[in-house]
Amino acid sequence: RGRPAAEEPVLLAELKPGRPQRYDWKSSCETWSVAFSPDGAWFAWSQGHCVVKLIPWPLGEAELCKTSERKSRGGKAETWSRGAAKEKTLECGQIVWGLAFSAWPAAEDGDSDPACAVGLPCLVLATGLNDGQIKVWEVQTGHLLFSLLGHQDVVRDLSFAPNGSPILVSASRDKTLRVWDLSRDGRQVQVLSGHVQWVYCCSISPDCSMLCSAAGEKSALLWSMRSYTLIRRLEGHQSSVVSCDFSPDSALLVTASYDACVIMWDPYTGEQLRTLRHVPLHSALDSSSEIHTSSLRSVCFSPEGLYLATVADDRLLRIWALEFRSPVAFAPMTNGLCCMYFPHGGFIATGTRDGHVQFWTAPRVLSSLKHLCRKALRTFLTTYQVLALPIPRKLKEFLTYRTF
């Protein structure tokens, strides 16, 4: 079977901090986090200098290309917004490490949603700060809603429950995860302890049943979002796990590590399904430098669940197709720290150590009917439930991602 034809990612646009570089703080000008709102209408960027930029997303890739052309002719990024929504600058007062938009949709006429029903704005942005605070902002106005206090060190990552409930999970260098309920004035619901190193990343599964957390440890932890108890440790990496993400149907989990590998797991069974090794493009590198330069920073799933994107210290953005063990496309990028797919597909945003954001084209794919059926079934069936179905073994293997 041939490899899929995937064009190399093309740089569409690049945003740079609007303030001069400052060197009095470590990490003061680094983009540790980028985020799209779930509906794709807003983009947030921790550009350094204790500032978050909120950009209303215009017309998708076509508009992005026009923006890139305007910028190349000397235009300003501020020309992105054409409608009533305006670009906003959130002054957070501390270095910003983590960003997350709420998952509840903006209410339309005649509709109600869980957030608006309890008096919350319909779209908020949570920011994790250097001093352990989490500041929660109303996106439409840029007003500060809450300051959540509890963490004792840097809040490194944030994740909202994707089911529309105003539940927020935070991961911190104080080695804990904390669960917050924004419908109860940001009350702290639970503290999850189990890591012995800084917690770098947290990700809630799309079906909201599981939470994965990655710390400076060789294992990732999988938690129940119903009981807030530890389900299992995922052991297989040889160095610190720094990033994790669930597939859109919750059937797969990927973890990325400083060991230069991404491991694809079945979160229900804890089984390792595949290992993706980040080897250098140039074989001239010896094995010791290979491990050093390929240390991973970030991994994320594409919206349809057929591709992965990874950013590593070897200055490459890689695109992977699920069924292959080597990348289908590369793009050179400098000092990448994070990556995220646009919710409707087509491009990827990456953040860099220089405080920049870059937007890259990504393979557009029309999912096969087989994959659409698998995705629909796996959205509500666990691996064990699939294995219990009276269907042929090969079909079970396909539905549980043992074959592609």
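Visitor: Okay, Phe-43 to begin with: buried or exposed?
Guide: This is a predicted model, and in it Phe-43 is buried, with a relative accessibility of 0%.

Visitor: How many aromatic pairs does a search of the whole structure find?
Guide: Twelve aromatic pairs turn up. One of them joins Phe-43 and Trp-57, a tilted pair at 5.7 Å centre to centre with 50 degrees between the planes.

Visitor: Which parts does that pair tie together?
Guide: Phe-43 belongs to strand E3 (residues 42-48), while Trp-57 is in the loop between strand E4 (51-56) and helix H1 (61-72), so the contact links parts 14 residues apart in sequence.

Visitor: And Trp-57, buried or exposed?
Guide: Buried: its relative accessibility is 8%, and the cut-off is under 20%. Trp-57 also forms a tilted pair with Phe-359, at 5.3 Å centre to centre and 50 degrees between the planes.

Visitor: How many residues apart in sequence are the parts tied together there?
Guide: 302, because Trp-57 lies in the loop between E4 and H1 and Phe-359 in strand E28 (residues 357-361). Phe-359 is buried too, like Trp-57.

Visitor: Which residues form the aromatic cluster?
Guide: Phe-36, Phe-43, Trp-57, Phe-342, Phe-347 and Phe-359 make up one cluster.

Visitor: Switching to charges: what sits over the ring of Trp-97?
Guide: That's the charged end of Arg-173, 4.7 Å from the ring centre.

Visitor: And where does the charged end of Lys-370 sit?
Guide: Over the ring of Phe-398, 4.8 Å from its centre.

Notes. Residues numbered from 1 in each chain as written. Predicted model: local features only at pLDDT ≥ 70, side-chain atom pairs only at ≥ 80, totals over all residues. Heavy atoms only, no water. Phe/Tyr/Trp six-rings, centres within 6.5 Å; stacked < 30°, edge-to-face > 60°. Helix = DSSP H or I, 4+ residues; strand = E, 2+ residues; numbered from the N terminus. Buried < 20%, exposed > 50% of the residue type's maximum accessible area, 1.4 Å probe, protein only. Lys NZ or Arg CZ within 6 Å of the ring centre and 35° of its normal.
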